[in-house]
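Q: Could you walk me through how to read a helix pair and a ligand site in a model like this?

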Amino acid sequence: MTTLNSKVPKGPIKDKWTTYKDNINLVNPANKRNIDIIVVGTGLAGGSAAATLAELGYNVKAFAYQDSPRRAHSIAAQGGINAAKNYMGDGDSNYRLFYDTVKGGDYRSREANVHRLAEVSGAIIDQCVAQGVPFARDYGGLLDNRSFGGVLVSRTFYAKGQTGQQLLLGCYSAMNRQIARGKIEMFNRHEMLDVVKVDGKARGIIARDLISGEIERHSAHAVVIATGGYGNVYFLSTNAMGSNATAAWKIHKKGAFFANPCFTQIHPTCIPRSGDYQSKLTLMSESLRNDGRIWVPANMDDAKAIQQGKLKPTAIAEENRDYYLERRYPAFGNLVPRDVASRAAKERCDAGFGVNATGEAVYLDFAAAIQRYGSEKAKVQGLSNPSKEEVVKLGEGVIEAKYGNLFQMYEKIIDENPYKTPMMIYPATHYTMGGVWVDYNLMTTVPGLYCIGEANFSDHGANRLGASALMQGLADGYFVLPYTIGDYLADDIRTGAIPTDSPEFDEVEKSVKDKLDFFINNEGTHSVDYFHKKLGLVMWNKVGMARNEKHLKEAIKEIQDIREDFWKNVKVPGDLNELNPELEKAGRVADFLELGELFAKDALEREESCGGHFREEHITEDGEAKRDDQNYAYVSAWEYTGKPSEAILHKEELEFKDIELKTRSYK
Ligand SMILES: Cc1cc2nc3c(=O)[nH]c(=O)nc-3n(C[C@H](O)[C@H](O)[C@H](O)COP(=O)(O)OP(=O)(O)OC[C@H]3O[C@@H](n4cnc5c(N)ncnc54)[C@H](O)[C@@H]3O)c2cc1C
């Protein structure tokens, strides 16, 4: 039986990473040329890893299902990326970033990994600036920072509301240099459908060319999975429609443990759902909470009138508004972490104070910020006695410069001008803290199989702080994996190329082909989306923002039923040997239908509330999450044994030597 060994180096936390790097095995440059590495996924995590590994001299084969790495879901990231540079002089440090992240994750992450993340954060910014990433700058030309939830300093670097896109362009240029040198062989429009193990080690993958439908074998000395998160298990989420868990789930079935599947982030500032035929939800970046104030009507009559379309928010007087985050959490106000903000919005809406027809929305209001910025700007411009209109115009200009593209996006979707009337927002599934279990080296429980970026469980515990995902993905790809993988590959310098004509490749390829054949030939009656939507509803209603034993048990049964129905009645049109998006979706939804069950099982097993995992049985008197450190201060790492219901739980006990375990408070 596999046992968990986190391989955290010994010694004081601040020296662990440095000492570790000083002592691990290295592969000499000439030998790197004889070693192949497969990187599946070329978002920020995989792209940065592929570029760096190739620069080091390894032969990299990189895979993505989009037509270019430029289109990875990372492109959607809006708000920014954290780093402890202390450019604002507000007292930031590596320790503070480490502390904020462990506390933000509600003390369910591995201290050593988080400390390393904080340590390398500054280097990420230097690297990206060197690549030409156009981070926002202040008047004097220095890099600007803004604040994100759960922290009391400004450490978020940003490029307007397009940080992910700009970082990805930097990463893509680094990749392109290696593609041109022949050190990266890029397989766009290829989907990994399974991993191949030889003698217990990951030695290759089976991939489908999504254009021709051809099934291909690819071998390597190590395989890196960087395929993003599994938020689309909810069907509706802020993730790209194609985001999926297939690679992560397939490696789980081949021996990689899956950690904390129930730790999911529901983001508080998304555009509310508008109807049953929607397939995607849109994020309004958390950066907006720097300037937007969140409120609902204080009086039920006003809330009812708004829901019926008889009252406008701008007509509600200041004293009749409930700025509930400022009221409940005066220290952090509108910048409480996401899990706290989401639950508070749900609490107000459940109590009947929601502000749209469905009662599932709260306001995000910029009027005060427009006024504040407008007055400041008028002073700077030397305007004496500016009119109200002049102040508003100047203030709107400042807001537009900071968040213009987000405001434009909102107006396009909702058809209301958010400069003039508050935005409506509601929580939506956004990010998955859970994922493939990895040790300090980012290696899974399968030798030679690594997992980085959102796909692994690593650093965010039970709740991720805003702007930390980009930091983690790029830390993994640029600064951690390139070192740790060498320690493993040092043993492979004499192995030679891995053949693909082995029985191991035959067997996995056959099982992949059999499943694809099944989908095409099944005489079903319902589309893939029909099942995905059903799964999503169960997940949202029973495994969503608030969970309880009864609902979780029902969810497990319902997911099993949907899965059974899926395998009998799914209909996949089109053919095997052509571009067939329905066939692609079928495989992904089949995996979500298994992952969803493990997710609910994990939520059922964790009899505490922590971060994004809120069990209604475990709350404090004032309605906050109640952790149980005595019994649950561990990572749940699940081992697949044939069915999600039979998965075996392994526990990685978490040690808090450098940060005191205490109740999280943002009051
Ligand atoms: C709307 C939105 C805004 C966000 N804003 C921020 C922000 O401001 N700051 C922040 O820190 N975080 C933000 N996040 C989170 C952050 O963007 C993601 O966590 C991060 O970009 C994930 O990067 P990744 O490289 O791990 O995965 P992705 O960027 O999702 O890349 C996955 C890659 O894997 C490939 N792939 C997937 N499956 C397969 C397969 N089976 N075979 C082959 N290839 C495969 C894809 O083609 C792609 O190349 C945001 C998330 C969303 C949804």
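What follows is a short chat about a helix contact and a ligand shell in this predicted model.

Q: Let's start with helix packing. At what angle do α3 and α6 pack, and how far apart are their axes?
A: You look at the two axes, their angle and their spacing. Here, helix α3 (residues 44–56) packs against helix α6 (residues 163–181) at about 30°, and the axes are 9 Å apart.

Q: And is the crossing of α3 and α6 left-handed or right-handed?
A: The crossing is left-handed.

Q: Which residues meet there?
A: Take heavy atoms within 4.5 Å as contact. On the α3 side you'd list Leu 44, Gly 47, Ser 48, Ala 50, Ala 51, Ala 54 and Glu 55. Among their partners in α6 are Gly 164, Leu 167, Cys 171, Ala 174 and Arg 181. By class, the residues of this contact split into 9 nonpolar, 4 polar and 3 charged.

Q: Can we zoom in on one of those? What does Ala 174 touch beyond its neighbours within four places in sequence?
A: Ala 174, which sits in helix α6, is in contact with Ala 51 and Gln 131. For a sense of distance, Ala 174 and Arg 464 are 290 residues apart in sequence and 28 Å apart in space, C-alpha to C-alpha.

Q: Now the ligand. Which residues come nearest to it?
A: There are 37 residues around the ligand, and Gln 66, Ser 74, Gly 79, Met 192 and Glu 454 come nearest.

Q: How much of the ligand's accessible area does the protein cover?
A: On its own the ligand has 1000 Å², and the protein covers 97% of that.

Q: Which elements give two or more residues to the shell?
A: Those are α3, β6 (190–198), β15 (423–432) and α13 (469–489). β6 gives the most, with 3 residues. By class, the shell has 16 nonpolar, 18 polar and 3 charged residues.

Conventions: Residues numbered from 1 in each chain as written. Predicted model: local features only at pLDDT ≥ 70, side-chain atom pairs only at ≥ 80, totals over all residues. Heavy atoms only, no water. Axes fitted to C-alpha atoms, helices over the stretch in contact; angles between N-to-C directions. Helix = DSSP H or I, 4+ residues; strand = E, 2+ residues; numbered from the N terminus. Left-handed = near helix turned anticlockwise from the far one by under 90°. Nonpolar A, V, L, I, M, F, W, Y, C, P; charged D, E, K, R; others polar. Near = heavy atom within 4 Å. Areas by Shrake-Rupley, 256 points an atom, 1.4 Å probe, with all protein chains shown as cover.
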